[in-house]
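The coordinates come first, then my entries.

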Amino acid sequence: MKLSALVHHLDSVGTYNFSDVEITGITNDSRKVRPGCIFVAIKGYKTDGHNFIKKSLESGAQAIVSEERFSLNQEIPQIIVCNTRKALSSLSCCFYNNPSQKINVVGVTGTNGKTTTTFLTKSVIEKAGYEAGLIGTINYQVGKKIIPAQETTPESVELQRLIAEMVEAKIKFAVMEVSSHSAIQHRIENINFKTAVFTNITTEHMDYHKTISNYMDAKVELFRNLTKDSFAILNADDESSEYFADRTSAKILWYGIKNNADIKAEICRESTSNIMIKLNYSGREIDMKIPFMGLHNVYNSLASVASAISLGFELDIIKAGIETAPVVPGRLEAVPCKRGFNVVVDYAHTPHALETVLHSLKNLVKGRILLVFGCGGDRDKEKRSMMGKVADENSDIFWLTNDNPRSEDPLNIIEDIKAGIKPGRIFYIQKNRRTAIEEALAEAKSDDLVLIAGKGHEKHQIIKDTIIPFDDREVVKKILSNNSDI
């Protein structure tokens, strides 16, 4: 594509050395620059892309988009803009020929429940006989192609490329998680969403957003840009939903259990493997079996039902899609155990998520709840004591251990968690996560449940600058197979 066709719509404040060169790619990562690329210099959270302009030129960059003018040793086109993140989003949309206009995109945002809601929605779409692409925390899926996810919502250039691949593969639907970071960083700015789903809001990412108000404003961006022909799916039982409703022009579908809603559920029976509900929509009542445990998964299922209705699917197809949904990796995922107790791995890494999971399990477990968890380093220090308080109040025995400590001292993280635990409470500190899991499994007795929280589907641990293979599920399996005393 010619440079002029890409940049004519940019709100540039200056253009230098312009020539209408052929552009073969776009990137904001100097390591990915190839001859013919535009390099977009972004001022990131930790690094500034402007410091890598020289490197990008050495790798063959054909043009530079930046927020500052640089003296270059060669006559390379340089376009100056006020916001390179917005420019990257706009350029990527144009380069990939606005792919989201040719596919039904469902975006799911909220603090908790995004991954499960996208998996359930994808299951319904596939039960209706269509293929659905997926973009989220666990992986990105385009047909049979599965790409490990680096972040929940990728950078705009990768996002547009993935959607373009789905269009090329003749996939009609894309379901994606929308993080607060992606909204505020303009990654989703040029995506046309058919449906936007809100799950819930609790405190998270305060290290980045600083205030809950900023966090909510980031989330609401998804809804603010919806057209009148789009749908906003809102949780009637979350008081924050009114904030979203007031800031969208889309048609609204409400879902819930307690309050009035378009799609409503009554819980009939719960077990450690499923939940039976009566689903009410538009004067029709049907029985539905949700193949997961936990009240929060009733809400996730209702959000998926509502999004599927917005896409035009019939209730019988929706019911079948929910009831046959696959296990969501690391979301209340049971690990096989034949020792008389249960073992569950969950991604819960926020106070609200951990409390929700523990509350759900309390009603289902005859024995004790044994909890193993930690908190991530270089992230949200404010939530650590809250996590300790939740563990103190909702589990019988718990172990404080490593999560992904990153650059922090694991014992300092544990000290922060301890601040929320009542004096005199008995608990264990074991910074080696494998040993903590082993100790919890050794302590478990008949009818107990061991919950290993915080990492869920993750297959590694980040300690300083080292990434170590570590999968809670595989660790449990190995401990159980190697130790007949457990």
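**Entry 1: ground rules.** I am working with a predicted model, in which local features need pLDDT of at least 70 and side-chain atom pairs count only at pLDDT 80 or more, while totals for chains, interfaces and linings use all residues. Residues are numbered from 1 along each chain as its sequence is written, and side-chain values use heavy atoms, with hydrogens and water left out.

**Entry 2: whole chain.** I looked up the secondary structure and found 16 helices and 24 strands. These are DSSP runs numbered from the N terminus, helices being H or I with at least four residues and strands E with at least two. Next I checked the radius of gyration: a compact globule of 486 residues would have a value near 23 Å, and the chain has 24 Å, which agrees. That radius is taken over C-alpha atoms, and the globule rule is 2.2 Å times the number of residues to the power 0.38. Along its principal axes, the C-alpha trace spans about 75 × 55 × 40 Å.

I then looked at burial, where 56% of the 486 residues count as buried. Buried means under 20% relative accessible area, exposed over 50%, and partly exposed in between, with a 1.4 Å probe and protein chains only. Among contacts with a separation of 6 or more, residues 24 or more positions apart account for 64%; a contact means heavy atoms within 4.5 Å.

**Entry 3: a six-strand sheet.** In what order do the strands of the open sheet of six run? I read S17-S18-S22-S19-S20-S21, with mixed pairing. Two strands pair if DSSP finds at least two bridges between them. The edge strands are S17 (333–335) and S21 (428–429), each pairing on one side only. S17 is joined to S18 (residues 342–346) by three bridges in the antiparallel sense, and Val 343 in S18 is the bridge partner of Val 335.

S19 pairs in the parallel sense with S22 (residues 449–453) over four bridges. It is also joined by four bridges to S20 (residues 397–400), again running parallel. Leu 371 stands opposite Leu 451 in S22 and opposite Phe 398 in S20.

**Entry 4: positive phi.** Most residues other than glycine have a negative phi. I noted Asp 380, which is not a glycine and has a positive phi of about 25°. Asp 380 lies in the loop between S19 and H13 and counts as buried at 4% relative accessibility. I also noted Leu 332, with a positive phi near 45°. Leu 332 is found in the loop between H11 and S17 and is buried, with a relative accessible area of 9%.

**Entry 5: rings.** How many aromatic pairs does a search of the whole structure find? I got 10. Rings of Phe, Tyr and Trp (its six-membered ring) pair if their centres lie within 6.5 Å; planes under 30 degrees apart count as stacked, over 60 as edge-to-face and the rest as tilted. The centres of Tyr 130 and Phe 313 are 6.0 Å apart and their planes are at 55°, so this pair is tilted. Tyr 130 lies in the loop between H4 (114–127) and S7 (132–135) and Phe 313 in the loop between H10 (295–310) and H11 (315–323), so the pair ties together parts 183 residues apart in sequence. Tyr 130 is partly exposed at 40% relative accessibility, whereas Phe 313 is buried at 12%.

Phe 313 also forms a tilted pair with Phe 173, 5.6 Å centre to centre and with 45° between the planes. Phe 173 lies in S10 (residues 173–177), so this pair ties together parts 140 residues apart in sequence. Both Phe 173 and Phe 313 are buried.

Elsewhere, Phe 198, Phe 223, Tyr 243 and Phe 244 form one aromatic cluster. The charged end of Arg 247 sits over the ring of Tyr 243, 3.6 Å from its centre. For this I require NZ of Lys or CZ of Arg within 6 Å of the ring centre and within 35 degrees of the ring normal. The charged end of Arg 69 likewise sits over the ring of Tyr 16, 3.7 Å from its centre.
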